[in-house]
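Subject: Structure for your review

Dear colleague,

Please find below the structure that I am handing over to you. My findings follow it.

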Amino acid sequence: MITKSKNLIALFAALFLLLLGIQAYFMYKTYQVKEREIYRDVHARLTNYTDRLEDLGGIKSRTDDTIQKILIRYHDKKISKKDFLEYFKKNRKENEKHLSDYVDASFKKEGYKIATKTEYISIIYIPDSTSLIDQPITLYETRNKVSNPKISNTGKWETTSRSTTNDDTPGRNDSFILKSNTGFEILNIKTIIFKELALLTICCAAILASVLLLYIFTVKNLARQQKQVEVLHTVVDNISHEFKTPIATLKIASKTLKKEWNPETLPLIDRQINRLENLMIQLHKDETSEEVLSIQPEDWSFFVQDLAFTYPEINFDLSNKITDELPFDQHLMETLIKNLCENSVKYGASDVKININNSSQTLKIEISDNGCGIEKKELAHIFEKFYRIQSNNIHNTKGLGLGLYFVKKIVTKYGGSIEVSSLPKTETTFKISVPYEN
């Protein structure tokens, strides 16, 4: 069952990761589609006036052939490269504000933060195929700078001028081929898309979280039910063994009475009946009787006498140094002593030593045996409810795994402590210390 549960958990983890991957891929593709959609819209609207951007005060609006003259003078080396570049730099600065305001106003409603830049990427002097520039020259640019243009438009045109001589004969032909590139970038595209996809993202996350929580709840519920079923099966399989000791004692007492009258047998029968009643309370209510009977000094001896009567083949050695009535529940102390001693019998002990004394208002109980012992790895679990030591549980007497659980519960109820030491195949010793007030 545990293996199946682990396999189911692994299967769900794989399927959940697959679902998470599908969701992530879906969100990524949706992001890409939305990004392309926004850029197409921006591009379509910008394209309507990109060809006119230079007419907003740029170079092409000039009618005095200024650009042509600049190109010719630079080609003829009449101006330096610095002056040539300075001309374009000055033109860019003159038009930056006008262009930026124009673009910002166009997309103010959508909240797009757009950067655009147009640059000359090539200027060729046609007659001798000379390239006037070795790197792009920015013609104009918005205040927002372009770092990674998503959309680019390229343009190409030719400018021509012909000079004349004094006698009106044709002079030289100055023609240039200019190539330009206009790049666009939406600087806040991620913020815009994430805002638009926020609801979808939240829904996807909520679905995944719901599936995960539902699975966790289901697994916990199934585990709890599985444990309850296992406990029920354990109770059904072993309930007869838990009652075996008092029932066996009553049978022995009954046979003894049939053979001969023994006045000590009737009190033993009464004690066993009381123990059966207390055992039923423990099994069904997981609690002890509300009636509290203080334990008398002789009660400790009665507990061991009952055990010796039930297990005549076991040597129970009692050292009882209690001389006063103690403020402990008689039924609880009987359960504590008998559970520990019977646990020794169950695991093969032939000699069980019980030392009981009190000093400084502290009850001290020490029970040791020569049984098969307890492995070190088991010691941390022996007081757990329904826990059974499988590897050493070879004795014929079985149980529910409740004996030591009740011992621990009783000791904890009185604020005491319990220590266990054991040598496998040699001995086991339980030391209990319980404080009390007179």
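Helices here are DSSP runs of H or I with at least four residues, numbered from the N terminus. The model is a predicted one.

Helix α9 covers residues 330-346. From first to last C-alpha, its 17 residues reach 24 Å, close to the 24 Å expected at 1.5 Å a residue. The helix is mostly covered, with 17 of its 17 residues buried. Just after α9, Gly 348 takes a positive phi of about 85°.

Strand β9 (residues 351-359) pairs with two strands. With β7 (residues 315-320) the pairing is parallel and comprises six bridges; here Ser 319 stands opposite Asn 355 of β9. With β10 (residues 362-369) the strands run antiparallel and are joined by eight bridges, and Val 352 stands opposite Asp 369 in β10. The hairpin of β9 and β10 has two residues between the strands, and Ser 360 takes a positive phi near 50° there.

Lastly, there is a nonpolar patch on the surface. Leu 8, Leu 11, Leu 15, Leu 18 and Ile 22 form this patch, which has an area of about 500 Å². Leu 8 belongs to helix α1 (residues 2-50). Why is Leu 8 classed as exposed? Its relative accessible area is 56%, and exposed means over 50%.

Yours sincerely

Note on methods. Residues are numbered from 1 along each chain as its sequence is written. This is a predicted model: local features need pLDDT of at least 70, side-chain atom pairs count only at pLDDT 80 or more; totals for chains, interfaces and linings use all residues. Side-chain values use heavy atoms; hydrogens and water are left out. The expected span of a helix is 1.5 Å times one less than its number of residues. Buried means under 20% relative accessible area, exposed over 50%, partly exposed in between (1.4 Å probe, protein chains only). Two strands pair if DSSP finds at least two bridges between them. Patches are made of residues with over 30% relative accessible area and no salt bridge: like charges are joined within 9 Å, nonpolar side chains (Val, Leu, Ile, Met, Phe, Trp, Tyr) within 5 Å. Accessible areas come from the Shrake-Rupley method with a 1.4 Å probe; for residues, only the protein chains shown count as cover. A salt bridge is a side-chain nitrogen of Lys or Arg within 4 Å of a carboxyl oxygen of Asp or Glu.
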